[in-house]
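Please look over the structure below before reading on. The notes take up its pockets and its aromatic rings.

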Amino acid sequence: MDKIVSNATPLIYLAKADKLYLLEATINEVFIPNAVFKEVVEAGKRLGEKDAYRVEKAISQGWLVVQAVKNMFSLKVSLHPGEIEVISLAKEKGIKTVLMDDAKGRSVAELAGLKPVGTLWIILQAVKNRIIDFNEFLSTLEDIIHSGFYLKDEVYIKIIRAAKNMSEK
């Protein structure tokens, strides 16, 4: 995929699992708005979170780009500031896909004409593109879950089956 605008949660969980490279290997350009930078890097560093430093390193490497939103997209629902800025930045830049895990944020993104994908989509793309094998997929999934990523049981089973099928092709 060419370009994506990311919300905080996927960055945090991929960084906690030390798997940010999967995002870099899957997407050519990743943008984050200022609100996401503040949430992930500034607040994370204040709390001493390792993932904040990993995200900051990705920014310094240039493949993760922080960009200010010039025109806030008008929403009729209340969302977290990061999600509002993700949708706004994507609309502003003409980027069709947003990376976010929150169900409400994803629904609003769809209503705004965007395609929301999540952390699990990035990991599955890494399997599909042969960046990681099935065993690495399982360990990555285990790492993000141990870091606090929530998955319903049926989603857990479905995602493992999808990764297994992709790895066998």
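This is a predicted model: local features need pLDDT of at least 70, side-chain atom pairs count only at pLDDT 80 or more; totals for chains, interfaces and linings use all residues.

The points below go through the pockets, then the ring pairs, then the charges over rings.

1. The largest pocket. Its volume is about 400 Å³. The lining has 16 residues. Asp101, Arg106, Leu120, Leu151 and Val155 lie nearest the centre. H7 gives the most, with 3 residues.

2. What classes of residue line the largest pocket? There are 10 nonpolar residues, 2 polar and 4 charged.

3. The second largest pocket. It holds about 180 Å³ of space. Asp18, Lys19, Leu20, Tyr21, Glu24, Arg54, Lys57, Ala58, Gln61 and Trp63 line it. Helix H2 (20-26) and helix H4 (50-61) are the elements that give two or more residues. H4 gives the most, with 4 residues. By class, the lining has 4 nonpolar, 1 polar and 5 charged residues.

4. Aromatic pairs. How many turn up in a search of the whole structure? The search finds 2. One is formed by tyrosine 13 and phenylalanine 149. This pair is edge-to-face, with 5.3 Å centre to centre and 80° between the planes. It links distant parts of the chain. Tyrosine 13 is in helix H1 (residues 8-16), while phenylalanine 149 is in the loop between helix H8 (134-146) and H9. They are 136 residues apart.

5. Phenylalanine 134 and phenylalanine 137 form a stacked pair. Their centres are 6.2 Å apart, with 20° between the planes. Both residues lie in helix H8, 3 residues apart, about one turn of the helix. Phenylalanine 134 is buried because its relative accessible area, 16%, is under 20%. Phenylalanine 137 is also buried, with a value of 0%.

6. Charges over rings. Phenylalanine 134 comes up again here. The charged end of lysine 164 sits over the ring of phenylalanine 134, 5.1 Å from its centre. Elsewhere, lysine 93 lies over the face of phenylalanine 31, at 4.5 Å from the ring centre.

Terms used: Residues are numbered from 1 along each chain as its sequence is written. Side-chain values use heavy atoms; hydrogens and water are left out. On a 1 Å grid over the protein atoms alone, a cavity is a set of points where a 1.4 Å probe fits but cannot get out, and a pocket is an open set with protein on both sides within 12 Å along at least five of seven lines; lining residues have an atom within 4 Å of a point. Grid points are joined across faces, edges and corners, and a volume is the space filled by probe spheres set on the points. Ala, Val, Leu, Ile, Met, Phe, Trp, Tyr, Cys and Pro count as nonpolar, Asp, Glu, Lys and Arg as charged, and the others, Gly among them, as polar. Rings of Phe, Tyr and Trp (its six-membered ring) pair if their centres lie within 6.5 Å; planes under 30 degrees apart count as stacked, over 60 as edge-to-face and the rest as tilted. Buried means under 20% relative accessible area, exposed over 50%, partly exposed in between (1.4 Å probe, protein chains only). A charge sits over a ring if NZ of Lys or CZ of Arg is within 6 Å of the ring centre and within 35 degrees of the ring normal.
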